[in-house]
Amino acid sequence: DLEAPVSRQKFYAFITDPAKVISILPDVVESKIADTGHFSVRAKAGISYLKGTLNFNFESAAREEGKMCKIAGRGSGMLSSLELSLLITLDDAPGGTRAHWSADATVGGLLASVGGRLIDGVAAKYVKQITESLRQKVAA
């Protein structure tokens, strides 16, 4: 969970704006916004001895104004594939908004062979970076 001293509407506007979402993603080297519900990024990635870039296509899979946003993405690169789903729900909190999220990821190919513990550690690092960036930028 994440709390920010902003209204739910302001928080929702941030998480549904592709340019702002891209701004909080780590290691992006290239991005393209197709429309308000679709964007793509190329990002550097590295797990153990595997280093390279991954290409992702994201879409807004569901939205409920001021309350919820679901983002789905597919990625490939480094002889691997990834499918991601992120659900963010917003609630009022004392002095602002509380965001709850849940994520699902399916990893295939070479990255899947690295092992769950290593992937979980890297994923936790990225989640922390994204959370901190979101906390700072949504309140700005």
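Trainee: Which residue in strand 6 is the bridge partner of Ala72?

Mentor: The partner of Ala72 in strand 6 is Ser85. This is a predicted model, in which local features need pLDDT of at least 70, side-chain atom pairs count only at pLDDT 80 or more, and totals for chains, interfaces and linings use all residues. Residues are numbered from 1 along each chain as its sequence is written, and side-chain values use heavy atoms, with hydrogens and water left out.

Helices (H or I, at least four residues) and strands (E, at least two) are DSSP runs, numbered from the N terminus; two strands pair if DSSP finds at least two bridges between them. Strand 5 (residues 68–77) runs antiparallel to strand 6 (residues 80–93), with 10 bridges joining them. Their hairpin has 2 residues between the strands, and Met78 takes a positive phi near 55 degrees there.

Strand 5 is also joined to strand 4 (residues 50–64), again antiparallel, by 9 bridges. Here Gly75 of strand 5 stands opposite Phe56. The hairpin of strand 4 and strand 5 has 3 residues between the strands, and its Gly66 takes a positive phi near 75 degrees.

Buried means under 20% relative accessible area, exposed over 50%, and partly exposed in between (1.4 Å probe, protein chains only). Arg74, however, is exposed at 56% relative accessibility. Its side chain meets that of Glu83 in a salt bridge (3.7 Å, N to O), a term for a side-chain nitrogen of Lys or Arg within 4 Å of a carboxyl oxygen of Asp or Glu. Glu83 is partly exposed, at 39%.
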